[in-house]
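This report describes the fold of one protein chain for a reader new to structural work. Please keep the sequence and the model in view while reading.

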Amino acid sequence: MSIISSQADRAPAVLGCVAHGTDCESVLRELAGHLEAGGMVKSTYCQAVLDREKSFPTGIPAEPVAVAIPHSDRDHVLETAVLVAKTERPIPFRRIDDPDAEVEVRVVFMMAIDSSQGQLDTITRVMDLIQDPGIIEAVAASSDPEEIRSIAERAFSGSQTRPV
């Protein structure tokens with residue numbers, strides 16, 4: 001299955017990162033900054049992600065490691081990418097299924113997708129990965145961005161991805 005089935009000619013970039021932020025907003029700003037520095041998103045992307053997170057939280061109480069899947073509308077994206085990040089410490093994110101509750105997130109899949117179908121396909125694929133405890137635990141245990149990227153890329157194996 002492709003990550004972005006509607007974009008067979010343009011594979012999404014897969015990136016890895018260790019996030020140093022101490023709260024949800026600082027982690028989101030840091031990760032959006034990486035995508036912006038890489039030329040994958042517009043300068044408006046960070047604020048769009050922050051605004052979306054306030055209205056539609058993305059913290060998922062997965063076991064054994066909670067994750068978040070922040071993203072924005074495609075209007076703020078220049079190039080499709082998935083940035084997989086391990087946080088240095090558990091970070092409280094509001095829950096996707098109960099916005100009044102929080103979950104301590106250790107792995108973040110920040111998605112920058114430049115098409116509606118691509119966003120749906122990518123979220124679906126990421127949700128599949130979240131259900132694989134081995135992958136999530138491996139990302140959470142790593143402190144090397146290249147290793148995190150490699151783990152994520154292998155997890156998407158058979159999909160169309162390209163390293164950055």
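Ile 60 is buried, with a relative accessible area of 10%; buried here means under 20% relative accessible area, exposed means over 50%, and partly exposed lies in between (1.4 Å probe, protein chains only). Ile 60 lies in strand E2. Leaving aside neighbours within four places in sequence, Ile 60 is in contact with Ala 66, Val 67, Ile 69, Ile 96, Val 103, Met 127 and Ile 130, where contact means heavy atoms within 4.5 Å. Ile 60 and Ile 130 are 70 residues apart in sequence, but their C-alpha atoms are 9.0 Å apart in space.

The model is predicted: local features need pLDDT of at least 70, side-chain atom pairs count only at pLDDT 80 or more, and totals for chains, interfaces and linings use all residues. Residues are numbered from 1 along each chain as its sequence is written, and side-chain values use heavy atoms, with hydrogens and water left out.

**The chain as a whole**

The protein chain contains five helices and six strands. Helices (H or I, at least four residues) and strands (E, at least two) are DSSP runs, numbered from the N terminus. Read from the N terminus, the order of the elements is β-α-α-β-β-β-β-α-α-α-β. Of the 164 residues in the chain, 51% are buried. Among contacts between residues at least 6 apart in sequence, 72% join residues at least 24 apart.

**Strand E4 and its partners**

Strand E4 (residues 81–94) is joined to two strands, as the table sets out. Two strands pair if DSSP finds at least two bridges between them.

Strand E1 is mostly covered, as six of its seven residues are buried.

What is the relative accessible area of Thr 87? Thr 87, a residue of E4, is buried, with a value of 0%. Not counting residues up to four places away in sequence, Thr 87 touches Ala 19, Val 27, Val 105, Arg 106 and Val 108. The side chain of Thr 87 also reaches the backbone oxygen of Arg 89 at 2.7 Å.

The axes of helix H1 (residues 24–37) and helix H2 (residues 45–55) come within 9 Å and cross at roughly 145°. Axes are lines fitted to C-alpha atoms, for helices over the stretch in contact, and angles run from 0 to 180 degrees between N-to-C directions. H1 contributes Cys 24, Glu 25, Leu 28, Arg 29, Ala 32 and Leu 35 to the contact, while H2 contributes Tyr 45, Cys 46, Gln 47, Val 49, Leu 50 and Glu 53.

**A cis peptide bond**

Which two residues does a cis peptide bond join? The bond links Glu 63 and Pro 64, and its omega is about 5°. Pro 64 is found in the loop between strand E2 (59–60) and strand E3 (66–68).

Terms used: Polar contact = N/O pair within 3.5 Å; in protein donor to acceptor, adjacent residues only side chain to side chain.
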